[in-house]
Amino acid sequence: MAGVVKAFGEVTAVDKVDLTVSPGTLTALLGPNGAGKTTLVRIIATLTRPDAGLVRVLGYDVIAQPAQVRAHIGLTGQYAGLDEALRGRDNLVLIGRLAGLRRRQAYQRAAELAGTFGLTDAMGRAVRTYSGGMRRRLDLAASLMTRPALLVLDEPTTGLDPASRQQLWAVLAQMRAEGTTMLLTTQYLEEADRFADVVHVLHRGQIVASGTAAQLKALVGGQMAEIRLDDPAASSAASRVLARRLSLPAGEIRTDTGAGRLTLAARDGTTTLLAAAAALAADGIAVADLGLRQPSLDEAFLALTGVTA
Amino acid sequence: MTAAVSCRVARDSALIAGRQLLVLRMNPSRLIYPLVQPLVLLVLFVSVLGNLAVTRHAAAGSYREFLIPGIIIQNAVLTAPTTGLALLRDAGSGLADRFRSLPMSRAAVLIGRLASDALIFAVQAVLLLAAADLLGFRVRARLPGLVGIVAVAVAFGLSVAVTTAWLALLIKDPETAERVLFFPAIAIAFLSSAFAPVGELAGWMQPIARANPVTAAVSLIRSVASVGPAAFPLMQLGCWVAGLLLVPGVLAVRRWQEPS
C-alpha cells in the first residue's frame, strides 16, 4: 500500500502509510492503542475504505476489487467473529461454506483445524461456553477454513491469559513454519520480537520505524541500565551526577523520584552500567540495586517518537 | 455471470437462514415468546372485545369475525421489528466483520434472515388460525382460504420486517432502535381497519387508514375468509409489499455492506 490516509472526523487514524508485506513472511504492526493499527487492518480487509492512497492485496485493489481480496484473505478481528449461540463445528462449517467450500469439504477442514488447534473435544459445544483462549483459537481456525494466501490478525493475543497466549503463539509459529503470509498487529514488543520477520512501528497513524526486531532494538539503543538508589530523596542529585560524569544530556536519564529509580540507555552494555555505578559511588550516593534489561515498548516509543506511548 | 451471482445469493441466503434455524434449534427457549405471545394477545383481545356489537359491521356478522384478521396482522406488525433488531445486533458484533470479509453475497445476510423469519411468520399465522378456529372463526374456502391467509400474513410481515431492518441499520443504536421500531408498529396497527371499520374511525384517521398497508392486509384476509371481493385489497397490498421489499430492502443491504 502507498500513501494511505484515513480520517474519522478530525482524527487522522492513518496518515500517509506505505507498507509492503512480502509473501511467506510474518509482518508485525507494533503500536499502542489509537496508533491506527486496527484501521490499517480494516482497510486491508475491505471493511474500511481509505480516503486516499493505493492499497493492493495480492495484486487486487481493495476499492475496485473487494470481492477478489475477500476471496484470498482470512481475517481474525479484535472481536471474535463467531456466533455464540452455535456450536464450534457449526461456526466453522458455516463460515467455510459462506467462503465457498462444499459441505463435505467444510466438515473435513473443520475437523482438521479442530485437531490442529486442540479444539476437537469442544466442537460439539456452544461457543458461549468457551474460554477466551478457546474462542480466539476457534476464531483463528475460522479464518483458515479456505487456506487464505494472506492471514490478517488484529491483536490476536490481547486479553488472553499467559497460558492461552502461549498456545496461540505455538499455533502462529506452526503456521509461519508452513509458509503462511501473515500480518499481525500487537501492542507487545515481545510478541513482535519473537515472531515477526519485519516489524513496523506505528505511531499516530504513521510508520515511525521499520525493520527486523534486532534492527529496531539497535535503534532504541539496545539494553537499558536501571539503577535503584538506597534513598529516593537522592534521585535528582544522582541524575545530575550521572549527566555530568557520563556527559549525557539530562533528557537521556529518566528519573522516578518516588521509587528512587534511574533509567538510561546502556549504549556500551555493562561498561555503561559500571561507569554509572562508579560515578554515583564517587559522589557518595548509595545504590541499592542495578542491572541491565531489554527496553520496554514504552522506551522503544520514547526513543523512536520522542513521546511516551 | 448473472446466473452465477444469483446462484451465489440463493446459496448464501440459504446458509444464513440455516444458521438462524440452527440457533433456534440449539436454543428452543427463543421460540417461546414469538409463539406464545400471539396466542395470549388473541385470547385477550377476543375475550375483551369479541362480544361487542357496537359497530355497523356487527350487523353483517359478529365483531369477532371482524377482529380476528386484525389480530393476525397486528401480530405480524409486532413481530417484524425483531428482524431489524436481530440484524442490528449482528451488525455490531465481530460476526458482521467476519461476514463482510468473506467473499459471500452481501444481500444474503438480509435475505437469509428474512427467509427464516418468513417461517416464524407462517408458524405464528397457523397457530393463530388454529386458535381462532376454536374461538369460532370460520374460513369458508377451508384449505385454500387458510393457505391464502397465511401467505398474506407472511408477505405483509416480511415487507414490514425489511423496513425495520433498514430503519434499525439507519438508527444504529440498539436501545434507541428498540423504542423507535416498536412504537410506530403499534401506531400503524391502530391507524387502520384492524379493530374498527375505516368509516367508524376519527375523521383525521380515515385517509391514513385507507392508505395503510395494514388495512389492505386485514381487508384481504377478511375477503378471503368470507369469499368476498378481494381484487382491490390484493392490488393495494401487492403494491405495498413489492415497494417495501424493494426500496427499504435495497437500502438495508447497501447500509449493511457500506465500508465505514
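**Exercise 1.** Work out what share of the contacts in chain B with a separation of 6 or more links residues 24 or more positions apart.

*Solution.* Start with the term: two residues are in contact if their C-beta atoms, placed from the backbone, lie within 7 Å. In chain B, 78% of the contacts with a separation of 6 or more join residues 24 or more positions apart.

A note before going on: this is a predicted model, where local features need pLDDT of at least 70 and side-chain atom pairs count only at pLDDT 80 or more, while totals for chains, interfaces and linings use all residues. Residues are numbered from 1 along each chain as its sequence is written, and chains are lettered from A and ligands numbered from 1 in the order in which they are written.

**Exercise 2.** Describe the overall size of chain B and how much of chain B is buried.

*Solution.* Next, the C-alpha atoms fill a box of roughly 60 × 40 × 40 Å along the principal axes. Finally, 43% of the 260 residues count as buried, meaning 20 or more other C-beta atoms within 10 Å of their own, with C-beta atoms placed from the backbone.

**Exercise 3.** Count the residues that each chain brings to the contact between chain A and chain B.

*Solution.* Chain A gives 26 residues and chain B gives 19 residues.

Key. Rg over C-alpha atoms; globule rule 2.2 N^0.38 Å. Buried ≥ 20, exposed ≤ 12 C-beta atoms within 10 Å, placed from the backbone.
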